[in-house]
Amino acid sequence: MMSITTVWPGSPYPLGATYDGAGTNFSLFSEVAEKVELCLIAKDGSEERINIEEVDGFVWHAYLPTVTPGQRYGYRVHGPWDPSAGQRCDPSKLLLDPYGKSFHGDFEFTQALFSYDLEAAKKDPADTGVPPMIDSLGHTMTSVVINPYFDWGTDRAPRTPYHETVIYEAHVKGMTQTHPAVPEDQRGTYAGLTHPAIIEHLKSLNVTAIELMPVHQFMHDHRLLELGLRNYWGYNTFGFFAPHHQYSSNRHAGGAVAEFKTMVRTFHEAGIEVILDVVYNHTAEGNHLGPTINFRGIDNAAYYRLLDTDLRFYKDFTGTGNSLNARHPHTLQLIMDSLRYWVLEMHVDGFRFDLAATLAREFYDVNRLSAFFDLVQQDPVVSQVKLIAEPWDIGEGGYQVGNFPGLWTEWNGKYRDTVRDYWRGGPATLGEFASRLTGSSDLYEATGRRPSASINFVTCHDGFTLNDLVSYNEKHNEANGEDNRDGESHNRSWNCGVEGPTDDPDILALRAKQMRNIMGTLMLSQGTPMLSHGDEIGRTQLGNNNVYCQDSELSWMDWTLCEKNADQLAFTRKVTELRKNHPVFRRRRFFEGKPIRSGDQVRDIAWLTPAGIEMTPEDWNTGLGKCVAVFLNGEAIPTPDARGQRVVDDSFLLCFNAHDHVQDFVTPRDDYAREWTADLDTADPRGETDLVVAAGEKISLQPRSLLVLRKTA
């Protein structure tokens with residue numbers, strides 16, 4: 001390494017390491033630091049320390065005209081070690097840049113990563129003593145200066161409206177690791193995710209947005225590594241500006257950045273948006289017994305929520321050991337700078353915020369007008385992309401479905417629970433089911449939001465797959481090494497009579513039909529549907545509902561299921577195509593239950609009994625009623641299209657039978673239609689049907705099935 005002889009003052013902003021084509025500006029916030037050293041790491045692992053002299057507003061900065069992309073670096077922060085006052089500075093630790101755009105290497109979970117004596121802490125975990133001052137260089141990752149320049153060509157964001165959006169939740173490695181068409185050196189990578197075979201699969205499902213499980217740089221938990229497992233899901237972030245380097249096929253330092261940008265550009269060329277699942281609620285450093293890798297050693301009290309009664313310990317609203325301190329201005333700045341970076345520099349189209357209620361906690365209560373939401377609301381960049389909240393955390397009062405501000409959409413947990421209960425024969429009432437089917441106006445209308453604010457899902461990464469939802473009554477998480485204690489125990493699932501795998505053809509047929517019922521309901525509901533990767537081909541995790549640590553065939557997509565479960569794939573394509581072709585299933589506004597024109601008898605929506613007559617209050621309150629028909633009027637869509645033209649669609653009658661016996665339905669009187677043609681029947685393995693019925697005619701709806709009739713005369 002050449003000795004750095006020239007150091008310029010540089011600038012306090014932007015934070016992080018910024019290469020401008022000639023040299024690199026370094027900038028780090030720490031309110032408690034007494035001295036900050038910038039450490040340049042050579043290829044042989046040696047370091048050169050540069051004392052940063054310039055400080056403005058607690059931001060330490062310097063410009064090095066000879067430092068170029070590929071340079072590895074870190075910081076050493078000298079300051080108070082006083083856990084009782086919330087401070088844990090330890091200059092023996094090479095600290096990663098909170099604004100680092102790329103990272104190199106890996107962590108070795110030795111004593112060197114920890115600012116306390118590991119053996120002493122086993123005797124008294126509350127008293128971690130003083131740091132043993134063992135240097136972490138060589139045992140920790142390093143930050144990397146990147147080249148920010150990239151040829152985006154004619155890249156343009158698809159900007160698909162919410163009401164036309166179909167989201168596909170996916171895992172970078174899980175989607176690509178076993179796909180036969182993806183070259184081996186690209187499996188498990190950003191490059192593999194945009195292989196033509198993967199994109200063609202998504203397009204065949206009419207997917208408009210891929211929601212990637214965490215791709216911010218994350219750490220694998222020490223406990224999991226000792227068990228021979230890994231943090232597969234990635235909800236353990238420490239680098240909020242860097243794409244996870246293990247998902248890159250380019251092993252050069254900083255190579256993940258260009259590969260990620262290429263992935264986004266390729267998805268955009270296919271008309272598919274990229275949404276990131278982001279984890280700003282906590283970091284990988286965990287509680288007071290976690291490693292010191294960046295935030296803890298830079299400014300512990302600024303970055304983390306600490307217990308008011310004992311500043312040695314961390315508030316934990318997430319179940320992970322700590323909660324990021326979104327009340328502190330510099331932590332808020334980090335979150336907002338990160339979000340803008342991913343939009344402006346990486347061209348992503350939106351974010352799904354993990355445990356978003358934690359970001360809203362000003363003190364203990366969740367506050368929908370917290371500083372974080374105020375900043376998002378006024379930000380000219382972040383406010384214009386898709387913002388999706390997971391509207392809960394594990395803290396008191398943390399379940400906040402329906403309570404986020406107007407810009408936000410939400411994972412609708414009530415939709416998930418209601419649809420599961422309805423089709424398994426649980427206690428869901430028809431009224432609750434009707435509300436979820438029509439966009440959950442009870443949750444979103446009061447805040448000025450529309451049906452698309454409801455991100456409808458029945459399965460996701462967290463919990464059973466769709467196949468397992470209809471195959472298991474109980475979780476089977478023994479492989480996770482926690483004696484089956486982890487994961488949700490109340491799954492609202494039904495195994496159709498046998499727990500797990502079976503050769504019984506009747507049970508297999510029923511399970512397949514239940515998958516079609518749920519998929520059909522999801523795609524024909526008002527709101528924004530989200531598919532969990534692999535549900536379209538019946539992916540199974542063998543009853544494990546918490547595969548966060550299973551980086552194996554158990555959690556990866558099994559692409560051979562495309563042939564084995566070809567009927568399920570064909571059905572999913574059919575029902576997503578039905579949604580795509582008919583705007584009546586994706587209205588921009590809620591139903592009003594009113595006629596189209598004065599004097600008309602037929603309204604925009606009507607709920608009917610199996611006898612073909614409109615529901616009465618008594619019909620709604622039949623307790624465990626499981627049969628209902630809903631008329632959707634395609635001539636009563638109140639909002640125009642993008643060019644101001646009136647939207648007119650076919651009218652449909654959706655007939656639901658969740659009973660275990662045949663149910664006769666009578667099509668409604670001539671006011672609705674003279675003739676109906678069936679477009680979809682979940683009683684058929686592919687949803688095919690050639691049924692044509694006249695008004696007032698009786699239909700025998702098969703047990704546990706959904707029939708979709710279209711008005712043809």
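The sulfur of Cys39 lies 14 Å from the closest cysteine sulfur, that of Cys89, which is too far for a bond, given that a disulfide is defined here as a pair of cysteine sulfur atoms within 2.5 Å. Cys39 is also buried, with a relative accessible area of 0%, where buried stands for under 20% relative accessible area, exposed for over 50% and partly exposed for what falls in between, using a 1.4 Å probe and protein chains only. This is a predicted model, in which local features need pLDDT of at least 70 and side-chain atom pairs count only at pLDDT 80 or more, while totals for chains, interfaces and linings use all residues. Residues are numbered from 1 along each chain as its sequence is written, and side-chain values use heavy atoms, with hydrogens and water left out.

For Cys655, the closest cysteine sulfur is in Cys627, at 9.9 Å, again too far for a bond, and Cys655 counts as buried at 2% relative accessibility. By the distance rule, the number of disulfides is 0.

Strand E26 covers residues 652–657 and runs antiparallel to strand E31, to which 6 bridges join it; strands (E, at least two residues) and helices (H or I, at least four) are DSSP runs numbered from the N terminus, and two strands pair if DSSP finds at least two bridges between them. Within this pairing, Phe652 stands opposite Arg710 of E31. Strand E28, residues 675–681, also pairs with E31 in the antiparallel sense, over 5 bridges, and here Thr677 has Arg710 as its bridge partner. Because 5 of the 7 residues of E31 (residues 705–711) are buried, this strand is largely enclosed by the rest of the structure.
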